[in-house]
Amino acid sequence: MILLTALLAAGIALAVLAPAVLSRVDFTVVPVAGLVAWLGALVATIGCGVLAVIALAWPGDPPGNALAGSVVRSLAAVEPAVVTWAAGLIMPVAVIATIVPAGQLARIVVGYRGRGAALRRKHRELVEMVGRVDGAETRLVRLDHPIPLAYSVAGHGGYVVVTDGLQRCLSEQQWRAVLAHEHAHLRGFHHHILGVCQVLAQAFSWIPLFAAAPGAVATLIEFAADRSAAASTGSRALSGALHTVAARMPAMPGTPLRLIDDSLSMRLACLAAAPESRAVARRTAMVKLIGTMLLAPAAAVVVVGVSAVLVSALV
């Protein structure tokens, strides 16, 4: 019971408080750290839930419960009575807590994978009909179209699609910067990361952390791809390319990981920032990240401690 209470408190703290805290941290100069923070919070929340179900269904004292009980004596004293009273409910609750979310998640995953595979297959067939593979560039398909477009397609043998209009409006260095940005998406498995977040948000939209993760992660992924491209081609080349493409590219609402998105102004500001200001922002972000990591254990300690005080007062 004590371990179960601590796990539930930690999981709820992450699910409810983590999105509010992480959304206030500026990860623009350290997007990878931001991705680790959001994905870590997701994994930790799921882990707390799974461990809580295991602790609930565990025959007898689950591992770690005795240690927690030795710290909080008052709860340990009443726990056997509570467990005996609730013995008939424990297993049905554990089974329902396992089957319902697992079934919901499985249904969403199957549908998401099926629709994604069908869309990628149709897109590949269309690109093969109207596009041409660039012999000089690896995994690059060109489309004869005047509008400047660039995007990456994930999956087995992922590739980048560009239009001739894009190359005509950019300098050679800017062209390389855009290609580096799109290839960074493929190398970093960004489509897969975002896909996992979207599946969790669709399956458990009532959990604040899961609902907020896709939007935040999509923005951080663009910053991460920008940092990767800027490291190989220079910030000025990528910034110039984004300015040029934004002025000529049509709006593509709802398209994930598009080159020009709602975060463009922040991305351009980050690329133009002086190294000194980026260093300060990086240190600030790391300090706040460490503070966020302490949310779960702090919530567990507070909830278990308050429970112990209340039990002591009632006994």
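This is a predicted model: local features need pLDDT of at least 70, side-chain atom pairs count only at pLDDT 80 or more; totals for chains, interfaces and linings use all residues.
Leaving aside its neighbours within four places in sequence, which residues is aspartate 226 in contact with?

1. Beyond its neighbours within four places in sequence, aspartate 226 is in contact with His181, Leu238, Leu242 and Arg267. You will find aspartate 226 in helix α9.

2. Is aspartate 226 buried or exposed? Buried means under 20% relative accessible area, so aspartate 226, at 2% relative accessibility, counts as buried.

3. Now look for the largest nonpolar core, which has 37 residues. The members that touch the most other members are Leu22, Phe27, Trp38, Leu42, Leu209 and Phe210. Two or more residues come from each of α1 (2-22), α2 (31-57), α8 (190-203), α9 (208-233) and α12 (275-293). Helix α9 gives the largest share, 8 residues. Both domain 1 (1-77 + 278-314) and domain 2 (104-273) supply at least three residues to this core.

4. Leaving aside neighbours within four places in sequence, its contacts are Pro19, Leu22, Ser23, Leu209, Ala212, Ala213, Ala216, Val217 and Leu220. Apart from the core described above lies another one, of 27 residues, including Leu149, Val162, Leu166 and Met249.

5. Finally, the record. An unreviewed UniProt entry places the feature "transmembrane region" at residues 33-58, 89-112 and 292-314. In the model, residues 33-58 are 96% helix and 0% strand, and the end C-alpha atoms of this span lie 36 Å apart.

Definitions and conventions. Residues are numbered from 1 along each chain as its sequence is written. Side-chain values use heavy atoms; hydrogens and water are left out. UniProt positions are given in the numbering used here, feature names are shortened, and annotations may be inferred rather than shown by experiment. Helices (H or I, at least four residues) and strands (E, at least two) are DSSP runs, numbered from the N terminus. A nonpolar core is a set of buried Ala, Val, Leu, Ile, Met, Phe, Trp, Tyr and Cys residues joined through side-chain atoms within 4.5 Å. Buried means under 20% relative accessible area, exposed over 50%, partly exposed in between (1.4 Å probe, protein chains only). Domain bounds come from an automatic or database domain assignment. Contact means heavy atoms within 4.5 Å.
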